[in-house]
Amino acid sequence: MGYRIDNAQMNDILARLAEDYRIFAPAWDRQKKNVRFCHVTMVEQIVLDRQTDFSTKEIYYPISQVMMRFSTDHIEDEELTDDRGILIFARACDINALGRLDRIFYDNGNPDYYYARLREKVKLALIECTEGFENCFCVSLGTNKAENYAMAVRFEEGSVLVKADDEDLAVYFSGEEEPFEPEFVQENRKRLTVPDINKENLRTIGKSEYWQQFDERCIGCGGCNTVCPTCSCFDTTDILMGEDSLEGERRRIWSSCMIPTFTETAGGTRFRKSQGENMRFKVFHKFYDFKARFGEAHMCVGCGRCDMRCPKDISFFDTVNDLNKEIPEQNND
Amino acid sequence: MTDRQKAEAMINIMKPEPHRVLKIVRQTRAEYTFRVEWPGVTRDGQFFMLSLPREGEAPISISGRGPGYVEFTIRKVGRLTEGVFGLEEGGLLYMRGPYGSHWPVEKLENENLIVVTSGTGLAPVRTSLMHFIEHPEARREVYLIAGFKDRHSTLFDEDREMFSQHFHTVYPLSREKEKLPGYETGRVTSFLKDIPDEVVSTANYIITGAPAVIASVTEEFLGRGAAPEKIWVSFERRMQCAVGKCGHCKMNGVYVCLEGPVFNFTQAREMFD
């Protein structure tokens, strides 16, 4: 069952939802620089005509997160201050990407406390996406579709179509009934051929000269990892309240495998020394070893945000697609 | 999440607990051994995340253990380790662990054993060497080649004298020009040839140190007939979490914190950066 709800009515519903949920949807950030997943209170704030610069991950896996607070001889957990749930209006790519992060934070070793306590609050409202954007290649990866959402919406001129399957959410909706089943984008402008990286050719491809093109081109800014909805790496750091303060906090902050010091130990050893090696590591993670470890799917969901972000115009899409040309040659060696 | 995971997620695996420093032994100018109160079980070659509020965390291998304590031999190289050097006996060190895979000591018993280490690489091997001192009945021939930079950087001087009484030992110093009593000059790789072929082809191996040293030592022994599945190595990697989340220690598909740091060579040879 679905409902057609005009925007004014929907805004009333959002106001009621906000008593129990923090609501996030694509919207311009305060500086009007980026479209990100911001707190919204009205349908009119939601930006749908361009792709979000950031993904949904900053909601449940914050860029900088206080883990613990400490004083001279005491460490204690940072408490969550907001009891409300989290409702996110997101497209299929980001919904699929959340499943990828779950694998790392739940299934790789023991589950992560800080992730779980935010993640378990999340309910997803699928934004119907039938067109995609310039850099999308979700159809090639099957991430154009999603099923694990609590409700779905189609934003139309002046009104929204809503389908709320989740019983916690269904109670907020009523009014003019209209059947609604979300559709999914069927074709992107970009089509990716996933390279056949496997156990046998892994080392040959890994040591290929192909990666050297990035030694100079990539400046190691890590922007691609920052906007990626599936990148999960972090650094931990202790921050003091003041120069002489004995009080402080231990935070974790997003890190990036493309930053030159990512593998550097305290003794100064760097295990991956070039940007080419870093690029190979990232491509292998997104298109080989995540799937080898967890089964089901590749890590990349084809949102194309990294291509939009790169200041050196390096296309991850092209990097992965062009890798296909390397594979038959390598196998003939 | 499964129900079991939900229960586990209630436990904060990133939160360290304070433990009292019982004893501090100076090994070199830059390396001290810290004995810390620890009631739990540890295995040889495992590590802990050590931390101090304000100084951050770092992964450190166990270099010793006894009733109610573990020991860490720490080299002063970064922010955390400099902070730890400021501790006094009775002070508090924050710990979580133990983490990682371990040397398979049971498999190493009753067969010849060759151990090659360089620098602080001797620290994570020390408990296994002590095992064979304490259990001579489980020991065959043990060869230990433990290299250091120079006379100022040698570790576990007393232990090594004891090892020399029970094992075949060589302690090469790579940057000393003159031969000092009890030491040789040169690199560990120069002394591998002195181990007899019949030992090389049958022994188990423990090899630690810088990746390049592990690679060249392993290659030489394999060339002389060592069995790859009898070689065990340990990898040192940058880690921010040690529980499979931060991504820093990942070598392609392998998380060194979860699957390592101790690897059988048949797995290690497939891994690369």
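This is a predicted model: local features need pLDDT of at least 70, side-chain atom pairs count only at pLDDT 80 or more; totals for chains, interfaces and linings use all residues.
1. **B:N110.** B:N110 counts as exposed, because there are 11 C-beta neighbours inside 10 Å. Exposed here means 12 or fewer such neighbours. The residue sits in the loop between α3 (105–108) and β8 (113–118) of chain B.

2. **B:F156.** This is another non-glycine residue with a positive phi, about 50°. B:F156 lies in the loop between β9 and α5 (157–166) of chain B. Is B:F156 buried or exposed? It counts as buried, because it has 21 C-beta neighbours inside 10 Å. The cut-off for buried is 20 or more.

3. **Cis peptide bonds in chain B.** The bond from B:G97 to B:P98 is cis, with omega near 0°. B:P98 belongs to strand β7 of chain B. The bond from B:G260 to B:P261 is also cis, and its omega is near 5°. B:P261 is placed in a loop, between α8 (256–259) and β17 of chain B.

4. **Overall form of chain B.** Chain B has nine helices and 17 strands. Its radius of gyration is 19 Å, close to the 19 Å from the globule rule for 273 residues, so chain B is as compact as a globular protein of that length. Along the principal axes, its C-alpha atoms fill a box of roughly 55 × 40 × 35 Å. Of its 273 residues, 48% count as buried. Take the contacts in chain B with a separation of 6 or more: 67% of them come from residues 24 or more positions apart.

5. **Two domains in chain B.** The domain assignment gives domain 1 as 13–99 and domain 2 as 105–268. Their C-alpha centres are 22 Å apart. How many residues of domain 1 of chain B are in contact with domain 2 of chain B? There are 19, and they meet 19 residues of domain 2. On the domain 1 side, β3 (47–52), β4 (56–61), β5 (64–66) and β6 (69–75) of chain B each supply at least two residues. By class, that side of domain 1 of chain B has seven nonpolar, seven polar and five charged residues.

6. **The open sheet of chain B.** Six strands form an open sheet in the order β10-β9-β8-β13-β14-β17 of chain B, with mixed pairing. The edges are β10 (168–170) and β17 (262–264) of chain B, each of which pairs on one side only. Ignoring direction, neighbouring strands of the sheet are turned by 15° against each other on average. One pairing to check in the model is B:Y143, whose bridge partner in β10(B) is B:H168.

7. **Helix α4 of chain B.** Which residues of α4 (residues 126–134) of chain B are buried? They are B:R126, B:T127, B:S128, B:L129 and B:F132. Several elements cover them, including β5, α3, β8, β9, α5 and β13 (204–207) of chain B. Strands β8, β9 and β13 of chain B also belong to the open sheet.

8. **Contact between chains A and B.** Chain B gives 37 residues to the contact, and chain A gives 41. On the chain B side, the elements that give two or more residues are α1 (3–9), β4 and β7 (92–99) of chain B. Strand β4 of chain B is also listed on the side of domain 1 that touches domain 2. Strand β7 of chain B holds B:P98. By class, the chain B side has 16 nonpolar, 11 polar and 10 charged residues.

9. **Strand β9 of chain A.** Strand β1 (residues 3–6) of chain A is joined to β9 (residues 159–164) of chain A by four bridges, and the two run antiparallel. Strand β8 (residues 151–156) of chain A is also antiparallel to β9(A), with six bridges. A:V162 takes part in both pairings: A:Y3 stands opposite A:V162, and A:V162 is the bridge partner of A:V153. The hairpin of β8(A) and β9(A) has two residues between the strands, and A:G158 in this hairpin has a positive phi near 85°.

Conventions. Residues are numbered from 1 along each chain as its sequence is written. Chains are lettered from A and ligands numbered from 1 in the order in which they are written. Two strands pair if DSSP finds at least two bridges between them. Axes are lines fitted to C-alpha atoms, for helices over the stretch in contact, and angles run from 0 to 180 degrees between N-to-C directions. Domain bounds come from an automatic or database domain assignment. Two residues are in contact if their C-beta atoms, placed from the backbone, lie within 7 Å. Ala, Val, Leu, Ile, Met, Phe, Trp, Tyr, Cys and Pro count as nonpolar, Asp, Glu, Lys and Arg as charged, and the others, Gly among them, as polar. The radius of gyration is taken over C-alpha atoms; the globule rule is 2.2 Å times the number of residues to the power 0.38.
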